Amino acid sequence: MSCSLEVKEKLKPVQKTNLMGMPIAKVENFFAEFGEERFRASQTLQWIHQKGILDFESMTNFSKSLRRKLTSIAEVRPPDIVNCEESTDGTRKWLIQLNGGNCVEAVFIPERGRGTLCVSSQIGCALDCSFCATGKQGFNRDLSASEIIGQVWLASKSLGKFDQIASKCITNIVMMGMGEPLMNFDNVVDAMNLMLDDHGYGLSKRRVTLSTAGVIPAIEKLGNVSDVSLAISLHAPNDELRNKLVPINRKYPLSGLVSSAKRYLDKMPDNRRKITIEYTLMDKVNDRSHHARELADLLKELPCKINLIPFNPFHGAQYKRVTDFAMYRFRDILQQHGYTVTIRTTRGDDIAAACGQLAGQVNDKTRRQERYKQKLGEEQPVKMLM
Ligand code: SAH
């Protein structure tokens with residue numbers, strides 16, 4: 001018995017180290033472990049993230065023996081694209097396959113002079129915000145750092161960046177896809193380090209934004225290790241309403257959330273930074289004048305700009321899109337209180353790529369998807385309204 005086990009052990013293929021999601025410090029350690037110079041790490045990052053090279057044999061500034069060694073112990077493996085859709089407005093959405101039939105989505109939104117990539121951090125989401133399609137899919141697991149930065153790599157490749165033929169390029173990245181990035185802290189921080197690294201994607205900290213529903217302890221932690229832009233999904237100006245829309249508010253209520261956002265800014269050396277407040281407007285739910293006034297009051301000590309998002313409907317959703325009248329009224333009240341307010345134009349909704357519409361394919365471990373389907377009295381997966 002023990003003998004056959006030993007044989008099996010020997011036959012097991014060697015698990016190769018995937019360098020795709022490793023920030024520079026980890027690649028340096030990887031090289032140091034087998035006595036290789038640390039500067040190989042920056043070269044490796046450039047091959048992978050700037051030239052799009054995945055096989056070590058093509059990394060021509062490495063000696064033949066180093067290439068052979070790397071091939072035997074390591075790999076550079078992004079996830080697979082299974083589908084790509086392009087909206088009439090130029091927005092592109094990729095369906096990205098992970099193991100076990102799970103898929104997540106990444107979206108590229110081109111605008112004049114910039115291109116924003118929206119990246120997922122988890123398969124599904126555990127937070128169950130009542131107005132978000134991703135939440136209805138339930139939750140499977142966190143994405144690895146390779147799977148997170150792999151979305152950036154795949155989008156860059158698909159947009160022609162590595163061949164230097166890109167007519168559109170990624171100038172901004174927002175962690176606003178599927179999942180709650182702060183519930184997958186270490187992998188998200190590793191991936192964001194690669195977005196910021198000059199040997200990686202070289203984006204400035206102002207152009208990488210992490211959006212959170214408000215996991216207060218993780219906001220504190222983030223401020224100690226990173227200085228990316230922070231967006232908070234607020235959606236309600238008081239705890240009573242926010243408890244219904246964003247259930248994590250019961251654990252981390254508003255006053256603590258606003259002060260932790262302020263502390264995040266206080267840690268930044270640059271005192272002109274602002275928090276982005278995201279506020280999804282739903283008809284007659286959180287779009288009244290008194291909500292706007294209450295919001296203005298809540299945020300008066302916080303350097304912030306407010307981004308209003310008209311609710312994007314999905315099948316079975318219990319909310320309706322805000323009317324234009326209520327949306328502009330809401331904006332005007334905030335502006336009268338001195339806030340900078342932008343309205344997020346709905347992009348890519350013809351391919352269900354707009355905010356809160358990303359659903360991917362989640363093998364739910366929470367049974368929430370099943371319960372949601374039962375509630376709707378049907379068996380199809382959550383589908384978006386086109
Ligand atoms: N979990 C993180 C990251 C998701 S970001 C967070 O909550 O911030 C996605 C953004 O779109 C969030 O601000 C989310 O609240 C918003 N959103 C979710 N569903 C939406 C919908 N149906 N319509 C408009 N915005 C939505």
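Predicted model: local features only at pLDDT ≥ 70, side-chain atom pairs only at ≥ 80, totals over all residues.
## Two helices side by side

Which residues of helix 11 meet helix 12? They are Ser 289, Ala 292, Arg 293, Leu 295 and Ala 296, and on the helix 12 side you'll find Arg 329, Phe 330, Ile 333 and Leu 334.

## A helix with a buried side

Now hop back to helix 3, which spans residues 40–50. Its residues Ala 41, Thr 44, Leu 45, Trp 47, Ile 48 and His 49 are buried. Those six sit on the same side of helix 3, because they cover an arc of only 165 degrees around the axis. In general, an α-helix has 3.6 residues a turn, so residues three or four places apart point the same way.

What covers that buried set? Helix 2 (24–33), helix 6 (145–158) and helix 7 (185–196) are among the elements that do. After helix 3 comes Gly 52, with a positive phi near 75 degrees.

## The whole chain

Zooming out, the chain holds 13 helices and 14 strands. Its C-alpha atoms fill a box of roughly 70 × 50 × 45 Å along the principal axes.

Buried residues account for 42% of the chain. Of the contacts between residues at least 6 apart in sequence, 69% link residues at least 24 apart.

Definitions and conventions:
Residues numbered from 1 in each chain as written. Buried ≥ 20, exposed ≤ 12 C-beta atoms within 10 Å, placed from the backbone. Helix = DSSP H or I, 4+ residues; strand = E, 2+ residues; numbered from the N terminus. Arc of directions from axis to C-beta. Contact = placed C-beta atoms within 7 Å.
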